[in-house]
Amino acid sequence: MRHNKKFNHLGRSKAHREAMLANMASSLIMHKRINTTVAKAKELRKFVEPIITAAKNDTTASRRLAFSYLRDKEAVKELYGAVVVKVGDRPGGYTRILRTGLRLGDNASMCIIELVDFNDNIAKSASAPKSEGKKRTRRSRRGGGAAKEAAQQEAPATEETAQE
């Protein structure tokens, strides 16, 4: 029976699982987005979000705590530099999981896990107003619109030659 065994072991021993999550967390902090399986991403979210929350107050104790989890000096520097500046006012939910489909070899469900405030594409689309100034066109099945436009463009050219 598996009473009180709530987290996913990911088919690894405890030491291997901790090392893998530390490596994935430092990669996520350094690169702001990584590709992985959905199960690993969900476990990584539980692993990295408390570290980011603790990093909001920059003390020696919190830096040591982050280093004990991440085991990478450069990742700790990046965490307390760029990451905390962007997510300092956010109350939680620092990561986003975007499913990308199934892996070709073993059909595992894949995803992208990323830090929320670092995705410029989503930030631009959310801040940009939709269809402001754009004229929406509809395509007809007859296809007469393209022929009319071509005829209108050719007509002024023929009038200029006729006037000369």
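Thr37 stands opposite Met110 in β3; strands here are DSSP runs of E of at least two residues, and helices are DSSP runs of H or I of at least four, numbered from the N terminus. The model is predicted, so local features need pLDDT of at least 70 and side-chain atom pairs count only at pLDDT 80 or more, while totals for chains, interfaces and linings use all residues. Residues are numbered from 1 along each chain as its sequence is written, and side-chain values use heavy atoms, with hydrogens and water left out.

**The sheet**

Three strands form an open sheet in the order β1-β3-β2, with antiparallel pairing; two strands pair if DSSP finds at least two bridges between them. The edge strands, β1 (33-37) and β2 (95-102), each pair on one side only. From one strand to the next the twist averages 25°.

| Strand pair | Sense | Bridges | A bridge pair |
|---|---|---|---|
| β1 and β3 | antiparallel | five bridges | Asn35 and Ile112 |
| β2 and β3 | antiparallel | seven bridges | Arg99 and Cys111 |

The hairpin of β2 and β3 has six residues between the strands, and Asn107 takes a positive phi near 65° there. Six of the seven residues of β3 are buried, so β3 is largely enclosed by the rest of the structure. Buried means under 20% relative accessible area, exposed over 50%, and partly exposed in between (1.4 Å probe, protein chains only).

Helix α1 lies across β1, β2 and β3 and runs at about 145° to β1. Such angles run from 0 to 180 degrees between N-to-C directions, with axes fitted to C-alpha atoms, for helices over the stretch in contact.

**Helix α3**

Ser62, Ala66 and Leu70 are the buried residues of α3. Seen down the axis of α3, they fall within an arc of 60°, so they line one face of the helix; the arc is that of the directions from the helix axis to the C-beta atoms. These buried residues pack against α1, α2 and α4, where contact means heavy atoms within 4.5 Å. On the other side of α3, Thr60, Ala61 and Arg64 are exposed. Arg71, which follows α3, has a positive phi near 60°.

**The core**

The largest nonpolar core has 30 residues, of which Leu28, Leu44, Ile52, Leu70, Leu79 and Val83 touch the most other members. A nonpolar core is a set of buried Ala, Val, Leu, Ile, Met, Phe, Trp, Tyr and Cys residues joined through side-chain atoms within 4.5 Å.
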